[in-house]
Amino acid sequence: MKYIVFILFTVMTNAAAQLMLKQGMMSLGPISFEGANPLVKLLQIVFSPWVFLGLCTFVISMASHLYVLSKVELSFAYPFLSLAYVAVAVFAYFVFREDLNGWRVAGIACICVGTVLIAQSGRDLGARGHDEQTVSITPDKIGTSEIVR
């Protein structure tokens, strides 16, 4: 649980990147590749300010996630990324005036409950380090029936 701050940082930077990408695409307007060189059009999209900032934020999020993965189990850390769905839905409601109807709220509630359950499962990991969970096999632990030829 001591890495929860890094996990939440990963979640929030991931959500922020999504919001920046949306802002960038809204500022560009409808995209059409008709009558344009696709490579030039793609470069225009990537290097527009909000899209570029969003992509850079994704890189920061991924670096943070890699750090987290070096410290905790994947099955513990990865489900927390679903909280980015929650953050994006809430911020999109306030920033972009997107719909947040009952079905979406119910889905958000399910995501939150699931994440809390996963977080509770990590309490017993707190005292043990990631490295201490490896198993060592010594020759005296291997029986002759376990040797593969």
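This note goes through the fold, helix packing, core, selected residues and cysteines of a predicted model.

1. **Basis.** Residues are numbered from 1 along each chain as its sequence is written, and side-chain values use heavy atoms, with hydrogens and water left out. The model is predicted: local features need pLDDT of at least 70, side-chain atom pairs count only at pLDDT 80 or more, and totals for chains, interfaces and linings use all residues.

2. **Fold.** The protein has 6 helices and 0 strands. Helices (H or I, at least four residues) and strands (E, at least two) are DSSP runs, numbered from the N terminus. The order from the N terminus is α-α-α-α-α-α. Of the contacts with a separation of 6 or more, 79% join residues 24 or more positions apart. Contact means heavy atoms within 4.5 Å. Buried residues account for 26% of the 149 residues. Buried means under 20% relative accessible area, exposed over 50%, and partly exposed in between (1.4 Å probe, protein chains only).

3. **α1 against α3.** The two axes come within 8 Å and cross at roughly 165 degrees. Axes are lines fitted to C-alpha atoms, for helices over the stretch in contact, and angles run from 0 to 180 degrees between N-to-C directions. α1 and α3 are therefore roughly antiparallel. By definition, angles under 35 degrees count as roughly parallel, over 145 as roughly antiparallel, 65 to 115 as roughly perpendicular and the rest as oblique. The crossing of α1 and α3 is left-handed. Left-handed means that the near helix is turned anticlockwise from the far one by less than a right angle; clockwise is right-handed.

4. **α1 against α5.** Here the axes of α1 and α5 come within 9 Å, with a crossing angle of roughly 45 degrees. The pair is therefore oblique. α1 passes α5 in a right-handed crossing. On the α1 side, the contact is made by Leu8, Val11, Met12, Asn14, Ala15, Gln18 and Leu19. α5 contributes Leu83, Ala84, Ala87, Val88, Phe91 and Ala92.

5. **Core.** The largest nonpolar core holds 16 residues, and Ile7, Val11, Val72 and Phe80 touch the most other members. A nonpolar core is a set of buried Ala, Val, Leu, Ile, Met, Phe, Trp, Tyr and Cys residues joined through side-chain atoms within 4.5 Å. Two or more residues each come from α1 (4-28), α4 (74-77), α5 (83-95) and α6 (102-121). α5 gives the most, with 4 residues. Not counting residues up to four places away in sequence, Ile7 touches Val68, Phe76, Ala77 and Phe80.

6. Ser64 sits in helix α3 (residues 49-69). Ser64 counts as buried because its relative accessibility is 9%. Beyond its neighbours within four places in sequence, Ser64 contacts Phe6, Phe9 and Thr10. Phe52 also lies in α3. Phe52 has 38% relative accessibility, so it counts as partly exposed. With neighbours within four places set aside, Phe52 is in contact with Val46 and Phe47.

7. **Cysteines.** The disulfide count is 0, a disulfide being a pair of cysteine sulfur atoms within 2.5 Å. Cys110 counts as exposed because its relative accessibility is 56%. Cys56, at 32%, counts as partly exposed.
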